[in-house]
Amino acid sequence: MGVDLSPPSRSHIHCLNPTTITTPFHSRSKHHSFLFNPFTKSLQTHLPKPANFSMYQALKCSGVEEMETHKRNSMSLIFDHHKIDNQLLQKMEYDALVWSSLHGLLVGDTNSQRSGRVPGVGMIHAPFSLLPMPFPESHWKQACQIAPIFNELVDRVSLDGKFLQDSLSRTKKVDAFTSRLLEIHSKMLDANKIEEIRLGLHRSDYMLDEETKLLLQIELNTISSSFPGLSGLVSELHRSLLHQYKQHLALNPERIPQNSVATKFAEALSKAWSEYNNPRAVVMVVVQTEERNMYDQHWLCTTLKERYQVTSIRKTLAEIDALGELLPDGTLVVDGVAVAVVYFRAGYAPSDYPSESEWRARLLMEQSSAIKCPSIAYHLAGTKKIQQELAKPNVLERFLENKDDIAKVRKCFAGLWSLEDSNIVNDAIEKPGLYVMKPQREGGGNNIYGDDVRETLLRIEKEGSDENAAYILMQRIFPTLSPAILMQQGISRKDHVISELGVYAAYLRNKTKVIINEECGYLLRTKVSSSNEGGVVAGFGVLDSIYLV
Ligand code: ADP
Ligand code: MG
């Protein structure tokens with residue numbers, strides 16, 4: 001990236017006449033004064049107006065016609081980051097890179113071999129969007145309000161072992177991974193194992209469908225919800241840039257919502273730890289052998305230690321198998337230390353279980369009295385098949401009583417179908433672009449899109465196998481395309497993007513007492529519109545934050 005620290009050019013001063021307008025905005029270049037004019041409609045309500053600028057002055061220098069065009073275009077142009085003056089951009093990019101390096105907005109660098117194993121080695125800034133993305137406040141509030149209802153729903157679904165087993169019974173036959181999870185779940189049901197203390201650290205993901213203006217749920221993550229450690233930093237970075245470049249951007253940093261998910265998740269882990277009531281026990285983070293997203297996890301554990309004085313350890317499934325044991329009273333001891341809470345940041349994908357050793361470890365943890373985040377039942381409640389079952393008529397009613405709650409949840413369900421529905425399968429063969437085909441997998445890169453949907457459906461139909469039970473079909477959501485500047489590996493690029501909002505939520509209960517049930521913050525992931533998947537560490541997307549409009 002060419003880094004230029006010279007001040008933004010003042011040579012293109014627009015017709016705003018500096019002699020008549022003595023505001024901090026008068027020195028902006030043409031594009032800035034036009035595109036980021038603070039008096040455009042959506043910003044009028046929350047930006048302080050400089051004292052001696054009036055509409056009259058604006059009209060005098062712009063001409064009525066131009067003002068009208070300006071007004072018409074303002075909604076789409078305010079956030080057109082592609083129009084920002086290049087020199088100003090370079091300065092902001094440089095500052096953003098410095099900020100992220102100094103504040104720990106970091107991931108391991110693929111170019112460094114040891115970066116996934118050794119902290120402090122081969123670090124690179126996490127991919128991020130240079131400026132926040134406009135997002136309607138009403139939809140943001142909707143997603144936040146619904147978070148505790150989804151928490152309650154997951155908890156109730158998790159208690160209905162028969163519903164989980166029955167709903168996944170066909171999937172089990174064709175999907176070896178889901179089958180192993182169900183096997184552990186079954187063993188727990190047979191042993192009548194009751195999880196009295198239940199902790200959920202969830203993230204419900206949404207896209208805002210452009211045509212219908214509906215906020216539709218993509219999925220609900222109940223295991224290993226990523227980026228609770230880094231997402232708050234992106235909001236801070238954006239707030240800091242908006243503050244620093246206030247005069248050029250005229251965007252109000254206060255419109256980026258506070259995002260304290262790292263603290264809230266650490267607090268939930270610490271409260272769960274307290275409920276377990278063994279002062280010598282630790283929180284155990286289950287990790288992958290190689291983890292480039294380790295700083296996201298370290299942020300949580302460091303907060304847990306520094307704010308709540310709770311110690312954590314990191315272990316792979318193989319290590320847990322080798323070093324773990326169950327005491328007669330059910331205590332899980334790993335490497336000589338009692339474990340109060342098991343926090344999974346691995347164990348959600350088949351590749352996390354390369355041998356029987358890892359499955360033994362999963363079973364051992366499930367059999368123990370440690371609080372599992374998630375338990376096997378919470379994990380299964382977050383599968384895509386269960387999402388699809390819950391979207392069927394009258395199924396939500398089995399788990400929630402409050403009619404308003406049911407309506408709120410249902411409102412954000414996209415179309416979801418089993419492949420047993422031949423009408424939908426035929427429609428998807430005809431119009432594959434309107435559907436996404438999803439297997440029971442987590443972690444990105446598994447879904448099927450476009451013509452591949454047609455081909456896969458036709459192949460399954462021809463083979464007449466039970467493979468259809470491995471997938472669900474989902475309505476494809478088409479969010480609005482926006483211009484953005486993406487920062488990846490120290491290089492910026494302008495592109496058109498779509499965004500996915502994730503709302504974090506924590507749930508903790510001990511028997512009948514609900515200790516925490518709250519929304520905890522958010523994640524915005526932004527990806528180039530041509531990419532189907534959104535994985536940030538995988539290089540598909542970037543971390544972002546929202547600017548409420
Ligand atoms: P995973 O468990 O792999 O994260 P998701 O259901 O979240 O599975 O899908 C991965 C990505 O695919 C999402 O982040 C989103 O970018 C895209 N995606 C998923 N479902 C849809 C959909 N219905 N419409 C449009 N894009 C989707
Ligand atoms: Mg996802």
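User: Which residue is the bridge partner of Val 436 in S16?

Analyst: That's Met 474. Keep in mind that we're looking at a predicted model.

User: OK. How many bridges are there between S14 and S16, and in what sense do they pair?

Analyst: Five bridges, in the antiparallel sense. Strand S14 covers residues 435-439.

User: What about S13, how many bridges join that one to S16?

Analyst: Three bridges, and those two strands run antiparallel as well. S16 itself spans residues 471-475. Trp 417 stands opposite Leu 473 in S16.

User: So what's the order of strands in the sheet?

Analyst: The order is S13-S16-S14-S15, four strands making an open sheet with antiparallel pairing. As a bit of background, strands of a sheet pair through backbone hydrogen bonds.

User: Which strands stand at the edges?

Analyst: S13 (416-418) and S15 (448-449). Each has a single partner strand, so one side of each is left without a neighbour in the sheet.

User: And S16, is that mostly covered or mostly open?

Analyst: Mostly covered: four of its five residues are buried.

User: Switching topic. What's around ligand 1?

Analyst: There are 21 residues surrounding ligand 1. The closest are Lys 384, Lys 438, Gly 444, Tyr 449 and Glu 500.

User: Which side chains have a polar atom by an oxygen of the ligand, and at what distance?

Analyst: Among them is Glu 500, with a polar side-chain atom 2.5 Å from an oxygen atom of ligand 1. For Lys 438 the distance to a ligand oxygen is 2.7 Å. Glu 219 also has a polar side-chain atom by a ligand oxygen, at 2.9 Å.

User: I clicked on Thr 171. Where does that lie?

Analyst: In helix H8, residues 169-174.

User: Buried or exposed?

Analyst: Thr 171 counts as buried, because its relative accessibility is 0%.

User: What does Thr 171 touch?

Analyst: Leaving out residues up to four places away in sequence, Thr 171 touches Thr 178, Lys 385, Gln 440 and Ala 469.

User: Now the inside. Which residues touch the most other members of the largest nonpolar core?

Analyst: Leu 130 and Leu 199, out of 137 residues in that core. Helix H6 (residues 137-159) gives the most to this core, ten residues.

User: What's Leu 199 in contact with?

Analyst: Beyond its neighbours within four places in sequence, the contacts of Leu 199 include Ala 268, Leu 269, Ala 272, Val 341 and Ile 371. Tyr 378, Tyr 507 and Leu 508 are also among them.

User: Which residues are in the second core?

Analyst: That separate core has 14 residues, including Ile 424, Ile 429, Val 453 and Leu 457.

User: Zooming out, how many helices and strands does the chain have?

Analyst: 21 helices and 21 strands. The chain has 549 residues, and 59% of them count as buried. Among contacts with a separation of 6 or more, 74% are between residues 24 or more positions apart.

User: What's the mean pLDDT, and where does it stay under 50?

Analyst: The mean for the protein chain is 87, with 85% of residues reaching 70 or more. The stretch under 50 is residues 1-77. For that stretch, the model has 120 contacts beyond four places in sequence.

How values were computed:
Residues numbered from 1 in each chain as written. Chains lettered and ligands numbered in written order. Predicted model: local features only at pLDDT ≥ 70, side-chain atom pairs only at ≥ 80, totals over all residues. Heavy atoms only, no water. Core = buried A, V, L, I, M, F, W, Y, C linked by side-chain atoms within 4.5 Å. Buried < 20%, exposed > 50% of the residue type's maximum accessible area, 1.4 Å probe, protein only. Contact = heavy atoms within 4.5 Å. Pairing = 2+ DSSP bridges. pLDDT = per-residue confidence, 0-100. Near = heavy atom within 4 Å. Polar contact = N/O pair within 3.5 Å; in protein donor to acceptor, adjacent residues only side chain to side chain.
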